[in-house]
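Welcome, and please open the model in your viewer.

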Amino acid sequence: MSRVYNFSAGPAVLPEEVLKKASEELFEYRDSGMSVMEMSHRSSHFQDIIDRAEEDLRFLMGIPDNYHVLFLQGGASLQFSMIPMNFMTINRTCDIIHTGTWTDKAMKELEKLGSFRKVASSEDTVFSYIPEISGIDFNDDADYIHICHNNTIYGTKYVEIPSNIKVPLVADMSSSILSEKIKVTDYDIIFAGAQKNIGPAGVTIVILKNSLVDRIPDGIPTMLDYRTHIENGSLFNTPSTYSIYMAGLVFQWLRDLGGVEAMEKLNRDKAELLYSCIDNSALFKGHAVKKYRSIMNVTFSTGSADLDKKFVSEATQNGLSSLNGHKSVGGMRASIYNAMPIEGVRKLVKFMNEFESHNK
Ligand SMILES: Cc1ncc(COP(=O)(O)O)c(C=O)c1O
């Protein structure tokens with residue numbers, strides 16, 4: 001069987017060039033005589049791999065020197081606990097904009113570790129939009145504001161983020177990191193699980209403003225204290241070595257491609273192809289409000305659960321994989337991360353048009 005176009009929300013498609021490079025180096029990495037998987041995380045080869053990965057990520061995102069870059073484990077989900085444990089430490093409360101499952105999961109942890117104010121929410125329409133920032137009354141006493149930058153399940157993204165705020169901004173960028181140009185200094189903490197735009201599951205990127213470190217109280221379990229990982233260059237314990245190596249290859253691939261700016265243009269072109277197909281269709285209807293449409297996760301349905309099921313099944317037979325929507329929204333979801341080639345989106349659009357003509 002040949003490779004399919006994989007629209008999975010994560011773990012997700014990886015660039016073919018990266019997979020090929022990794023397979024060339026799988027058995028023996030350069031002159032090391034071993035695979036990266038077999039290599040000590042204390043070896044000079046691995047030190048070069050992690051240093052290069054950090055350098056490339058800093059270059060790609062324009063991360064200034066006053067931010068730490070960490071390669072952690074526990075997924076984006078562990079950050080829902082680590083961030084409050086370390087930083088919700090002054091007034092023990094934070095503000096959160098509720099835009100779906102991933103902020104719901106964050107709230108569940110906040111509740112255990114302090115308190116939070118749900119300052120806005122889009123739950124009234126199954127999270128089909130992002131609440132207007134200008135209408136939100138943020139709490140100056142909050143230790144920080146938490147947002148989910150791109151909502152993987154619903155296909156929505158922020159077009160404007162909280163600014164002129166007096167407290168730090170924390171953003172979950174699991175499904176949008178490296179997909180579009182952002183200004184890192186607009187945020188105080190950015191975190192992202194790797195398995196969408198960065199590499200295989202297993203490593204979580206945390207970008208953290210240095211000045212926040214002063215807030216960390218003593219007494220946090222060692223592995224949950226960011227200082228442990230800062231002081232040890234993400235090598236306090238055995239990190240997810242192979243995932244970091246793969247992330248490094250993805251960063252080099254993105255640099256060779258022209259960086260985040262070039263990637264964003266391609267991502268917008270891909271998203272435009274799909275959204276215009278949906279907008280011009282009498283059968284398919286998009287879930288997200290136009291203004292807040294994600295360029296990474298495109299959610300749509302036919303309005304009939306049976307027809308949606310038929311669509312997903314026939315698409316799979318046509319080499320278009322993992323198009324089923326999340327159970328909380330239903331319908332379909334096409335995740336078109338950085339590594340999804342535009343040919344995959346063209347093939348999907350062609351299939352959608354054909355499906356529509358056969359199912360009027
Ligand atoms: C926006 C967002 N946040 C958090 C998570 C959870 O990530 P993990 O599985 O790495 O804990 C996901 C997973 O899909 C996600 O899409």
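The tour below starts with the overall layout and then moves to sheets, loops and the ligand.

Before you click, note that this is a predicted model, in which local features need pLDDT of at least 70, side-chain atom pairs count only at pLDDT 80 or more, and totals for chains, interfaces and linings use all residues. Residues are numbered from 1 along each chain as its sequence is written.

**Stop 1: the two domains**

Colour 16-256 and 258-358 separately: these are domain 1 and domain 2 of the protein chain, with bounds that come from an automatic or database domain assignment. Their C-alpha centres lie 26 Å apart. Now look at where they meet: 25 residues of domain 1 are in contact with 24 residues of domain 2, contact meaning that the C-beta atoms, placed from the backbone, lie within 7 Å. On the domain 1 side, select helix H2 (44-61), strand E7 (156-157) and helix H6 (241-256), each of which supplies at least two of the touching residues. Helices (H or I, at least four residues) and strands (E, at least two) are DSSP runs, numbered from the N terminus. That side of domain 1 divides into ten nonpolar, ten polar and five charged residues. Here Ala, Val, Leu, Ile, Met, Phe, Trp, Tyr, Cys and Pro count as nonpolar, Asp, Glu, Lys and Arg as charged, and the others, Gly among them, as polar.

**Stop 2: the seven-stranded sheet**

Next, show the open, mixed sheet whose seven strands run in the order E2-E10-E9-E8-E5-E3-E4; strands pair if DSSP finds at least two bridges between them. Strand E2 (67-72) and E4 are at the edges with a single partner strand each, so one side of each has no neighbour in the sheet. On average, neighbouring strands are turned by 20° against each other, direction ignored.

Zoom in on strand E3 (residues 93-98) and strand E4 (residues 115-121), a parallel pair joined by six bridges. Threonine 93 sits opposite serine 115 there.

Then pick strand E9 (residues 189-193) and strand E10 (residues 204-209), which are antiparallel and share five bridges. Phenylalanine 191 has valine 206 in E10 as its bridge partner. Back at H4, you will find the helix packed on the sheet, touching E3, E4, strand E5 (145-148) and strand E8 (169-172), with a direction about 160° from that of E3. Axes are lines fitted to C-alpha atoms, for helices over the stretch in contact, and angles run from 0 to 180 degrees between N-to-C directions.

**Stop 3: the three-stranded sheet**

Select E11, E12 and E14, an open antiparallel sheet in that order. Strand E11 (285-286) and strand E14 (332-335) are its edge strands. Four bridges link strand E12 (residues 297-301) with E14, and threonine 299 faces arginine 333 in E14.

**Stop 4: two backbone details**

Most residues other than glycine have a negative phi, and most peptide bonds are trans. Centre on glycine 10 and proline 11, which are joined by a cis peptide bond with omega about -10°. Proline 11 lies in the loop between strand E1 (5-6) and helix H1 (16-26). Phenylalanine 127 has a positive phi of about 55° and belongs to the loop between E4 and E5.

**Last stop: the ligand**

Which residues are around the ligand? Select Gly10, Gly75, Ala76, Ser77, Trp102, Cys148, Thr152, Asp172, Ser174, Ser175 and Gly193, each with its C-beta atom, placed from the backbone, within 6 Å of the molecule. Helix H3 (residues 75-87) gives the most to this shell, with three residues. By type, the shell holds three nonpolar, seven polar and one charged.

Methods: Contact = placed C-beta atoms within 7 Å.
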